[in-house]
Amino acid sequence: METKLDLEPISLPGVELTRPIVIAGPCSAETEEQVINTAVELAAKGIKIFRAGIWKPRTRPGAFEGVGSEGLPWLQRVKKETGMFTSTEVATAHHVHEAIKYGIDILWIGARTTANPFAVQEIADALRGTNIPVLVKNPVNPDLDLWIGAFERLNRAGIKKLGAIHRGFSTYEKTKYRNHPMWQIPIELHRRIPNLPIITDPSHITGNCDLIQETSQEAMDLNFEGLIIESHECPARAWSDAKQQVTPAHLKMIMDSIVLRDHAIDDKPRQTLDELRSEIDKLDKLLLETLAKRMKVSEAIGTYKFEHGITILQEGRYDEVLNSRRDQAVKQGLNPDFVVKVYEDIHEESVATQNIIMKTLSKK
Ligand code: PEP
Ligand code: MN
């Protein structure tokens, strides 16, 4: 489905937001002192937009669920005393009204809320008539349409200053990430809605303060617009997400280390790039021809299995294929996890093809 949004750039009075837009602050507002101390340190490091969760969606009940409206005057103090803009998460119409009442500058919708169209609609309706910038985190599940649906709901309610926060996706498999980045999803979002800024959240993607730098660099190399990073005056004592928060000093080191590469290629010598791209085109043709041949062999195997009354799936064989391709990937200097992923998809397609063959032949 085509996506057409009526968007305006996210602007804040008196500042020009240049790439990378950086939003930083604690996962949660805990106490007035913690909020102010962290904000003062961040402002001194040049941060212009402060974040702090006031209402916290927690996986299990009984965990710290945020200080609630009591923390909103603390954010007002941040604005007054440091000049930073403030942002917080909203999940209900009540949160929206409260946040606006206390002059919060930017709202964001959390990943669990984006996954619920009723909740997003309630927020969109509560925002009608305002012109506040709203950032929408990707839903916890890797569903691009659900993410886009949230932008459409807000846009239909007249909200034009929209941005996306890419915070990674839940997976059943354990990986080095807390939420797998699945970069192809925000890349596809950008392809579908080119003027929607994308802000990466390396804190919730990695869940690990040691991985924030490399993930931020990856986001910048994909030409995304900004970063939202959790920073706490004393991460070890944080009431939520302690492992992924960095001190303001650490955040400054991360920001200083990030290399912003040039996106425009018009002014670079084109010849070598054109040559390299044409080489890629040729190799892809070979890859696809090989894949087509492989599928034909797989079909022949399907017929053989039908004729001999053998089941399609033979687990031993599947393991053998994955393990041997993994070994070969390592020998050839390829990332074995990537190769296994490709083979999982190829195998799934082969099984589907053989299923069709079995059904067709049984009807004869
Ligand atoms: C947060 O930003 O602190 C948060 C709760 O994030 P998410 O919605 O991405 O889990
Ligand atoms: Mn958090």
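Relative accessible area, computed with a 1.4 Å probe on protein chains only, defines a residue as buried when it is under 20%, as exposed when it is over 50%, and as partly exposed in between. The structure is a predicted model, in which local features need pLDDT of at least 70 and side-chain atom pairs count only at pLDDT 80 or more, whereas totals for chains, interfaces and linings use all residues. Residues are numbered from 1 along each chain as its sequence is written, and side-chain values use heavy atoms, with hydrogens and water left out.

Salt bridges were identified wherever a side-chain nitrogen of Lys or Arg lies within 4 Å of a carboxyl oxygen of Asp or Glu, and a search of the whole structure on this basis finds 18 of them. One of these joins the side chains of lysine 137 and aspartate 201, with an N to O distance of 2.8 Å. This pair links distant parts of the chain, 64 residues apart, since lysine 137 belongs to strand β5 (residues 134-137) and aspartate 201 to the loop between β7 (198-200) and α8 (202-206); here helices (H or I, at least four residues) and strands (E, at least two) are DSSP runs, numbered from the N terminus. Both lysine 137 and aspartate 201 are buried.

A further salt bridge is formed by glutamate 188 and arginine 191, whose closest N and O atoms are 2.9 Å apart. The two residues, glutamate 188 and arginine 191, are 3 residues apart in helix α7 (residues 184-192), which means that about one helical turn separates them. Glutamate 188 is partly exposed, at 23% relative accessibility, while arginine 191 is exposed, at 59%. Both also belong to a network of salt bridges that links Asp145, Glu188, Arg191 and Arg192.

In helix α10 (residues 248-257), Pro248, Leu251, Ile254 and Met255 are buried. They lie on the same side of α10 because they cover an arc of only 115° around the axis, the arc being that of the directions from the helix axis to the C-beta atoms. Among the elements that cover these buried residues are β1 (21-25), α1 (32-44), α9 (212-221) and β8 (226-230), where contact means heavy atoms within 4.5 Å. The face of α10 turned away from the buried side carries the exposed residues Met253 and Asp256. Aspartate 256, exposed at 56% relative accessibility, forms a salt bridge with lysine 252, the closest N and O atoms being 2.9 Å apart.

How values were computed
Chains lettered and ligands numbered in written order.
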